[in-house]
Amino acid sequence: MLELPKENKTIVITGGAGFIGSNFIPFFLAKNPAINVLNIDKLTYAGSLDNLKEVQSNKRYAFIKGDICDFDLIKSVFEDFNITGVINFAAESHVDNSINSPHKFIKTNIEGTFNLLEVARHFWKGTNNRFHQISTDEVFGSLGDNGFFKEDSNYQPNSPYSASKASADFLVRSYHHTYGMNVVTSNCSNNYGPKQHDEKLIPTVIRTALGGKEIPIYGNGKNVRDWLYVIDHCKGIDTIYHRGKSGETYLLGGNNEIDNLSIAHKICNILDIKIPKENGSYNSQIKFVKDRLGHDYRYAVDATKASKNLNWTALEKFDIGLDKTIDWYLNKYHNI
Ligand SMILES: NC(=O)c1ccc[n+]([C@@H]2O[C@H](COP(=O)([O-])OP(=O)(O)OC[C@H]3O[C@@H](n4cnc5c(N)ncnc54)[C@H](O)[C@@H]3O)[C@@H](O)[C@H]2O)c1
């Protein structure tokens with residue numbers, strides 16, 4: 001039987017062994033000394049306990065290997081612990097995988113969220129306990145060259161991934177309106193930073209560059225994302241979890257738009273200085289490859305609501321955040 005200090009509140013964090021969750025857990029434990037964290041993660045290919053070494057011996061932290069779709073498991077966790085909050089990070093998160101095999105996305109992202117909501121609804125009757133859904137700006141579809149997503153933008157998801165996240169957001173919303181559950185949803189832009197899985201853009205560019213391989217860039221490389229440093233995102237989640245208004249959604253972005261090709265060049269230029277090649281530049285390894293099906297052109301977030309109402313703003317400058325991220329991967333990939 002897992003033990004957590006009984007005098008503290010305990011929250012469930014799902015998907016805490018993935019990229020954002022494993023940055024969030026150490027941050028949250030340090031910021032909230034009277035709250036225990038129970039991390040439930042299935043440890044899919046995307047999750048690793050190596051990401052959480054720094055909290056393994058923390059007495060306010062416990063881990064359960066499990067699936068958020070497993071109703072009996074989630075129910076037993078609520079029976080055994082006095083759970084006063086849930087922050088749901090667990091998801092299948094890679095758009096390319098959702099194009100090739102969408103089923104898992106429907107299962108985890110929709111059915112898993114439904115399962116958590118159902119158990120919480122049952123155990124939390126008459127309480128003001130909070131359910132925080134971690135979502136994405138991709139639910140709003142694709143922008144042209146101008147404009148920004150706002151909290152009241154229409155949902156127009158274009159990939160099975162974003163459609164599954166959109167469905168989960170609607171379920172969360174419905175549990176507030178129908179059952180009065182205390183919920184918040186945050187929709188963030190693309191995160192970057194340490195501990196991201198190798199499959200994602202920034203780690204892929206670093207890994208293939210260092211490995212002397214072609215650096216694959218989809219289409220013409222002009223797709224634009226608004227990059228948010230993962231620690232800025234963690235601060236935003238903590239703020240919204242504690243102070244966001246029930247039933248509301250908040251957009252979190254880095255105010256930092258850049259296209260994929262420019263990111264690849266930036267990384268190559270930094271690597272040219274940190275680990276110079278014998279001949280030439282890493283830039284020469286960049287290769288355009290067949291575009292992703294239905295590739296959204298541009299995402300950009302207007303985070304005014306979080307800034308005005310909750311005093312949250314992304315602080316990390318992209319060049320500094322990228323430099324820190326590259327250093328982390330250089331350490332990870334040192335023997336490529
Ligand atoms: N990374 C981004 O740029 C980004 C941007 C917007 C929103 N998000 C959202 O943030 C959340 C976290 O994203 P991430 O990048 O850390 O993802 P990730 O893929 O790195 O991690 C996902 C984690 O969830 C776990 N998981 C998957 N299925 C599970 C299941 N059925 N039960 C329990 N655990 C399961 C995995 O083992 C993994 O540890 C996701 O909900 C994602 O949709 C991410």
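This is a predicted model: local features need pLDDT of at least 70, side-chain atom pairs count only at pLDDT 80 or more; totals for chains, interfaces and linings use all residues.
The crossing of α4 and α5 is right-handed, where right-handed means that the near helix is turned clockwise from the far one by less than a right angle, and left-handed that it is turned anticlockwise. Residues are numbered from 1 along each chain as its sequence is written, and side-chain values use heavy atoms, with hydrogens and water left out.

Staying with this pair, the axes of α4 (residues 103–123) and α5 (residues 160–179) come within 8 Å and cross at roughly 15 degrees. Helices here are DSSP runs of H or I with at least four residues, strands are runs of E with at least two, and both are numbered from the N terminus; the axes are lines fitted to C-alpha atoms, for helices over the stretch in contact, with angles from 0 to 180 degrees between N-to-C directions. The two helices are therefore roughly parallel to each other, given that angles under 35 degrees count as roughly parallel, over 145 as roughly antiparallel, 65 to 115 as roughly perpendicular and the rest as oblique. On the α4 side the contact, meaning heavy atoms within 4.5 Å, includes F105, N109, T113 and R121, and on the α5 side its members include Y161, K165, L171 and Y179. The residues of this contact divide into eleven nonpolar, four polar and three charged, with Ala, Val, Leu, Ile, Met, Phe, Trp, Tyr, Cys and Pro counted as nonpolar, Asp, Glu, Lys and Arg as charged, and the others, Gly among them, as polar.

Next, the other partner of α4 that I want to show. Helix α2 (residues 71–80) packs against α4 at an angle of about 35 degrees, with the axes 10 Å apart, and this crossing is right-handed. F71, I74, K75, F78 and E79 of α2 meet a set in α4 that includes L116, E118 and F123, and by class there are seven nonpolar, one polar and three charged residues.

Turning to α6 (residues 201–210) and α10 (residues 318–332), their axes come within 11 Å and cross at roughly 50 degrees, which makes α6 oblique to α10. Here I202, P203, I206 and L210 of α6 face L322, T325, I326, Y329 and L330 of α10, a contact with eight nonpolar, one polar and no charged residues.
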